[in-house]
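I opened this notebook to record what I looked up in a structure that was new to me. The entries follow the order in which I consulted it.

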Amino acid sequence: MTQIAAERYTGASVKRSEDPRILTGGGRYVDDIKLPGMLHAAFVRSPLAHGRVLAVDATAARELPGVVAVYTGADMATMTIPGQDPLFAMMGGGGPAPEYTLLATDKVRFVGDPVAIVVAESRYLAEDGCELVEVDYEDLPPVATAATALDAGSPPLFANLGDNIIGPHKRTEFGDVTGTFAGADLIEEFHIDVHRHQNVPMEGRGIVASHDAETGTMTVHAATQSVHVTRMGIAMRLGMEADKVRVLAGDIGGSFGLKIGASREEIAVAAASRDLGRPVKWTEDRGENLSASGHAREESFDVKAAISKDGDLLGLDVAMVIDIGAYPVMGTMVPAIVEAMLPGPYKLAALGFESTAVATNKASYIAYRGPWASETFVRERVLDLLAKDLGLDPLEIRLRNVAPRTDPPFPMVTGRPLAGVTTRESLERVAQMVDIPAFRRRQAEERARGRYLGIGLATFIEAAPGPRSPEAGSGPMGMEFMRLRLEEDGIVTLFTGQMPHGQSHQTTLAQIAADEFGVPFGQVRVVVGDSDVVPFGLTGGSRSATMTGGVALHGARQLKGKVLDFASVLIEASAADLEIVDGQVQVVGDPDTGIPVGEVARQAASGEFGADVDTSFEVEASFDGGEGGWSGGSHCAIVEVDVETGIVTVERYVAAEDCGALINPAVVEGQIRGGIAQGIGAVLLERSAYDQDGNYQSATFMDYLLPTACEIPRFEIAHLETVPLDADVNFRGVGEGGMIVAPPTLVNAIEDALAPFGVRIYEQHLPPARILELIDAADSQSTSSVD
Amino acid sequence: MVDITVTVNGAQRAGSVEARKTLADFLRDDLDLTGTHLGCEHGVCGACTVIVDGRPVRSCLMLAVQAAGSEVTTVEGLAPDGELGPLQQAMWDSHSFQCGFCTPGFVVQATAFLSAHPDAGEQEIREALSGNICRCTGYQSIIDGVLLAARRGAEI
């Protein structure tokens, strides 16, 4: 008999076990849940950006046949515990805490602010009921921009604060900022804006809450990135013990940071279910999703750069203002991450960083794929602007400033060591892939024919998970947990707190565990989405590759050790001489001695073995991230700008990425491509727009434009896997990088295309109309300077 | 309420619906065919695409009463015995999707398109699918799945 070597799954593009279900309509998303006696909720929302609620009259709505209940903000206040957003509260968001109610009572603070919830026998009837709720408002002057909010005289959104400064001005210096700027050859100043845009998963938020008064328990079906965080949020705001709340989640139609914790609407639905003793469902519609679920990224930066005449970036001094919208969720937490990450992979020796967070009458700032991404936009944009002024090539200025890979690793000026970072290699790789000199020749030829091509380059690093700090006692990203069990049918079950919503964890974690334990891929089952069963965890921050991949590897190893110990009794061989190959425990190299792992579990369960033999095949594993490491990469885009229409076409897009060892290359590339596509959308199409009075302008897909298959090109992706830091776990996160680095890559390319017009770009959103304005403005400037 | 009969995935289904009820809600709520997803309810995202009398339509923009007497095929009807159809198989092989929410719309739209244009090239496929939005993938893997299905179809 020929021995067939066990297949190795890790590193192969194993087909997803999720797919047969989702391809046939068998996915189970939260809106697919139907419970006996289930009611449907809809929200009455504010039409005003800023107003006082004078009266809410729900009489007519309550009388409508089919409407079961209407809860106003005042009703809801008696049914819930006051408090901050649960995510903000859990993460210790900082800054002064504004006081507000779950549904608006005294004031509304943005268009879409929930004012009342109508519960009815169908969603149609709930929406009919909403039409009949009469709300009297008194208009208040809107605080529609950060500039207005910074004015101490602007009307405060929150009475208990007195002004609209939510994150007070704070300044920190790293390195010798004063000395660096005093000694620089040149100091340049820029103002850079990043516009408001948003997650837009294809499935909005949603919940089915079902309270059982008999047992005092609440069962929640949720679309969430963490069943445990949702459980904590709902328990906290409903005044319940956490163990009385069970959160279940099935398939989730994307999130990108939106669905963390428990939103005000979800808490209100749970409270309504408890009050009514019936299950209540709420499915966010697209208008609600675009106007009220939350937005991200509205930030501005005043940047001072200290440089040498040769192009050394010596120091940066950056003042950031972040517009967190109406209610603190994520916004106040962003500046600290921007500050830490601003140096990027460069040997920048001095950084001054200051920030202020303000509240405005717009939707709340929430997490969106790479929430700190503006640091990369600012840095990579500034490098191109400086290169232009110094007459340097964008590749050259980056290579000149990239920190060397040294031992011990070169530290970022903000502290973390740049261990194992391959920025130089990824820059060189993309340059080679596109052949920059050949492009420059073609660019010159095409310009002569009136076609404007441009090339743009940008690079990033992401702490996914980040390096282990030499002095820190703990790992780079906290702990990750997993329970693993060998069943009597030979299935290895992994219980993880990860809550996949497109990341393919049911496939990738099974690949790792199958290899490490020694069973076929199909013999590993990954259980997610039940707070009664899975350990604490959260899918977010690109943590799962290292943290959960790592705990799957170590947990499988631990479980295998137990199985081998027990099997050594059965086979009468030392555990050290045993292996598990293709689901059989055997003496190394001798398949004839093999016993199926399920048989081992069955025999152990027979009870024939003494108390001194460990027959439990379940382990609780944890992993601290090991040595960790950075992921990162460099991207390069070639664009054509039609200077008559302002339309930008992405002709070519290449990426050289380093996320360490790939678990599943097709999954990794899917994450990269999806992130880049969102970045392209952010620059060319997407904007969560408000008018000057705070009226929301982008509440449909005809107004909030998403990229389609016609705007997104093919992507060419190269993988670098150069610097392993850990003995076992060198998978690194890749969920956010595409979205972080695509915007500067694209904007750099667009500016390069428009170089003949003298266009300089200090913003991120460049739809056709804006491109034409930039060309016109640059034109008239050059004309007037000639005059 | 209006009584209607619709042939859905080959079977006659009767229902009693409000005139305002959309075809999508009829399929999802009355017939429990939850494979048809609602991504925008204003006809842009394509997640709710079903085939009505041979043509792909947005079931969020069509009323159930308008479908009375019609033949409707949903994503569930493309794999009647749980076996993947050729396009679904090609999409699995191509790692076409991530979160899966837009998937039924793409599968249905691409099925309708390929049956009319079995020899379509990449650009035609991109245009044919430009009324379906995917937020996860950047489209390349979806296009690759459709191209693979077309190629396999040509080989048969």
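**Entry 1: conventions.** I note that this is a predicted model, in which local features need pLDDT of at least 70, side-chain atom pairs count only at pLDDT 80 or more, and totals for chains, interfaces and linings use all residues. Residues are numbered from 1 along each chain as its sequence is written, while chains are lettered from A and ligands numbered from 1 in the order in which they are written.

**Entry 2: chain A as a whole.** I looked up the secondary structure and found 21 helices and 26 strands in chain A. Helices (H or I, at least four residues) and strands (E, at least two) are DSSP runs, numbered from the N terminus. The C-alpha trace of chain A spans about 100 × 70 × 50 Å along its principal axes. The radius of gyration of chain A is 28 Å, which agrees with the value near 28 Å for a compact globule of 787 residues; it is taken over C-alpha atoms, and the globule rule is 2.2 Å times the number of residues to the power 0.38. Of the 787 residues, 58% count as buried, that is, with 20 or more other C-beta atoms, placed from the backbone, within 10 Å of their own.

**Entry 3: the core.** Which residues have the most contacts inside the largest nonpolar core? I found A116(A), V118(A), A513(A) and V563(A), in a core of 299 residues. Such a core is a set of buried Ala, Val, Leu, Ile, Met, Phe, Trp, Tyr and Cys residues joined through C-beta atoms within 7 Å. Helix 17 of chain A (residues 544-571) gives the largest share of this core, 12 residues.

**Entry 4: strands of chain A.** I traced an open sheet of 3 strands in the order 4-2-6, with antiparallel pairing; two strands pair if DSSP finds at least two bridges between them. Strand 4 (107-108) and strand 6 (134-139) each have a single partner strand, so one side of each is left without a neighbour in the sheet. Strand 2 (residues 51-57) is joined to strand 4 by 2 bridges, and G51(A) has V108(A) as its bridge partner.

I then turned to two hairpins. Strand 20 (residues 578-581) and strand 21 (residues 584-587) of chain A run antiparallel over 4 bridges, with V581(A) opposite Q584(A). In their turn of 2 residues, D582(A) has a positive phi of about 50 degrees. Strand 21 also pairs with strand 22 (residues 590-596) of chain A over 3 bridges, and in that hairpin G589(A) takes a positive phi near 80 degrees.

**Entry 5: the contact with chain B.**

**Entry 6: a sheet in chain B.** I found an open sheet of 5 strands in chain B, in the order 2-1-5-3-4, with mixed pairing. Strand 2 (11-17) and strand 4 (55-58) of chain B stand at its edges. Strand 1 (residues 2-8) and strand 5 (residues 71-73) of chain B run parallel, joined by 2 bridges, and T7(B) stands opposite E71(B).

Definitions and conventions
A residue is buried if 20 or more other C-beta atoms lie within 10 Å of its own, exposed if 12 or fewer, and partly exposed in between; C-beta atoms are placed from the backbone.
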